[in-house]
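Biologist: I'm new to this one, could you walk me through it?
Modeller: Gladly, here it is.

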Amino acid sequence: MQFLEHFTPELVVSSPGRINLIGEHTDYNMGYVLPTAIEKNITFSFKKNGSDNECRVYSKTYDTGFEIDLNAIAVSKIEWENYILGVLNEISKRTDKVRGFDCVVESNLPTGSGLSSSAALECGLAFGLNEIFDLGLSKIEMVQLSQTAEHTYVGTQCGIMDQFASVMSEAGNVILLDCRSLDYKHIPIDLNPYKIILLNTKVSHNLASSEYNTRKKECEEGVSVIQKKYPEVKSLRDVNEEMLLSSKEGMSETVYKRCSFIVKENDRVLAMVDALKKNNLDEVGQILYRAHEGISKAYEVSCPESDFLVDFSKDNPKVLGARQTGGGFGGCTLNIVHGDAVDDFVTQAAKDYKEKFDIDLEAFEVQPSGGTHIIN
Ligand code: ADP
Ligand code: MG
């Protein structure tokens, strides 16, 4: 794109990806999650271009860009453009202060790997525009409008966790977020001498978006059955194992399994907070293994590649626990590995994974990091 030839940004924003320590698929069931931003991020460079309504956005990652007329925002056929357009559409409902701008997007965050590059893309744009056009949006508004953009323009009925983690995280902490009230608390996390190692399966089975929406429907179906006995129940967050069991007859086996996972997963978030506070690292690991079992067998959002890596980790006494992180069907597994054993673990995992799936595994350490911020 021509604007790139003489582009000197007036604002550079870093918008991070995230991991979720525990609490998978609980967000759209109004429950708890425990995510944190990581240091891998998308960088946005912005410049106002003097026009009233003409914008240009270029992704270095995809080496492609597109032009936008702010007076004619509409859904595109190109997926990544919809994250941008969806956010602009949501902002336009709240303020008319946005004017023409140019923007370059660069990333060291793997896409489609369960680290929420999508939320990083949405929130980084909202954050940057808020800054250069002085829109007066609060952080929570940016989080919420980004989530809505993903619903309306991309078509994924995501919960609020990813956007919340990307914007609101603090270094050295995970966020205990109540996805109903949006009350949250930063919980210090210190796993020393263990490290958080991500193994990227490099697969993202394209079931992810449609199955995601199916899971959401299955949970709603479960709630409607439970409500017959417990009318006060609004979402699975309000259900305990006993209540679920007493409503089992009215639901299909599949719906029961899905609900059972969510009810247990929600409890696991609080158990994890407790384990972190007590510095009980063995328990931290065991919770992860129990969660993966549920992800794989009850919620059925894993895949052979993720299951293989989690099973592999169980053979290594220097690994406390592991599970697939993110929405599912591939992406990364999160492993709690003793610092002394990381190199061996990664080397052996890569070798076995290559033998089994003929895919080059990618492995990296992540640190709980701060949320979206200005670089310069
Ligand atoms: P995840 O959020 O786990 O990375 P998603 O499928 O939800 O996976 O989002 C990935 C999508 O986000 C990509 O397919 C692309 O449309 C968009 N995206 C992410 N990073 C970039 C980037 N650097 N440039 C353009 N689009 C991006
Ligand atoms: Mg995503």
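Modeller: Let me start with helix 4, where Met161, Asp162, Gln163, Phe164, Ala165, Ser166, Val167 and Met168 are buried, buried meaning that 20 or more other C-beta atoms, placed from the backbone, lie within 10 Å of a residue's own. This is a predicted model, in which local features need pLDDT of at least 70, side-chain atom pairs count only at pLDDT 80 or more, and totals for chains, interfaces and linings use all residues. Residues are numbered from 1 along each chain as its sequence is written, while chains are lettered from A and ligands numbered from 1 in the order in which they are written.

Biologist: Why is helix 4 largely enclosed by the rest of the structure?
Modeller: Because 8 of the 8 residues in helix 4, residues 161-168, are buried; helices here are DSSP runs (H or I, at least four residues) and strands are E runs of at least two, numbered from the N terminus.

Biologist: Okay, the sheet: what is the strand order?
Modeller: The open sheet of 6 strands runs 5-4-6-3-1-13 with mixed pairing, where two strands pair if DSSP finds at least two bridges between them.

Biologist: And which strands stand at the edges?
Modeller: Strand 5 (64-69) and strand 13 (373-374) do, each with a single partner strand, so one side of each has no neighbour in the sheet.

Biologist: In what sense do strand 4 and strand 6 pair?
Modeller: Strand 4 (residues 54-59) and strand 6 (residues 101-107) pair in the parallel sense over 4 bridges, and Val57 stands opposite Cys103 in strand 6.

Notes: A residue is buried if 20 or more other C-beta atoms lie within 10 Å of its own, exposed if 12 or fewer, and partly exposed in between; C-beta atoms are placed from the backbone.
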